[in-house]
Amino acid sequence: MVWLNYNSMGGFIDVALRSLGSFLNLDFDGYELVVDNASSDGSFERIKKFIEEKRPGGVRVKVVRNERNLGYAGGMNVGWEARDPDSKYVAFVNNDLIPTPQSLTKLIEYMEGDEKIAATNGLIKYPDGKTIYAAGWAVDDILTGIGVCNGRGLADCSTVDKPHLVTYADGSYMVVRVSAIKAVGFDGKPFINETFLYADDALLGIRLWNLGYSSYYVPVEAGIHHASLTTKSTGFIRYYPIRLSLSCMP
């Protein structure tokens, strides 16, 4: 599992530590891989101390610190390269998402049934616990992500209780099959470093689709997403979507 941090001390370190603590205590046998994108605000040191104090005895943790901020795509790729070489699945998670205890086990159990399922995500909600952040994603011709049932309540989403194909799994908490990424990923990696932030998960989903694999929404409670806290805290919440849109123009 790759849990990515960047300058979380600026207003949401409490959420980041809740996120990390929840992932450390998942009902799953495995290990946590923490990647820090060259944080300069003291959050890296705070997170290391938290791990030392709170890590359960049966959980292995590997901490990797980048020399510079590589964004979501580059940071996750660093984590991918540092994974256990025998891993069958890798989960990519944000530091502002609080998972449910059995979410990872249930997502992987679903993937075990079909070798062509390369990526999954479960039901992700906003912090109110009632509004859907995403039940999978679709994408249009200019890479605009369309969250399935985004902003709706559970009763207003007819597909929330059913597994369904999606264009791509949500990058805030997605599980990928290692063999699929190694076979058809971007030079054997899940993401394109140059995207930096946004569209990285969408591009992966599109590539998987084009090369014979699929992505699924699985109807399991995955977690609560305090969306965009990193970009809000750094003041770049508007910059990166505009940057992405301009890069997609003909």
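Glycine 10 is partly exposed, at a relative accessible area of 47% (buried means under 20%, exposed over 50%, partly exposed in between, with a 1.4 Å probe and protein chains only). You'll find glycine 10 in the loop between E1 and H1. Serine 43 sits 33 residues away from glycine 10 in sequence, yet their C-alpha atoms are 8.5 Å apart in space.

A quick word on the model: it is predicted, so local features need pLDDT of at least 70 and side-chain atom pairs count only at pLDDT 80 or more, while totals for chains, interfaces and linings use all residues. Residues are numbered from 1 along each chain as its sequence is written, and side-chain values use heavy atoms, leaving out hydrogens and water.

Now to helix H2. Helices (H or I, at least four residues) and strands (E, at least two) are DSSP runs, numbered from the N terminus. In H2, the buried residues are Ser43, Phe44, Ile47, Phe50 and Ile51. Seen down the axis of H2, they fall within an arc of 125° (taken from the directions from the helix axis to the C-beta atoms), so they line one face of the helix. That face packs against E1, H1, E2 and E3 (contact means heavy atoms within 4.5 Å).

| Class | Members | Lining count |
|---|---|---|
| Nonpolar | Ala, Val, Leu, Ile, Met, Phe, Trp, Tyr, Cys, Pro | 15 residues |
| Polar | the others, Gly among them | 4 residues |
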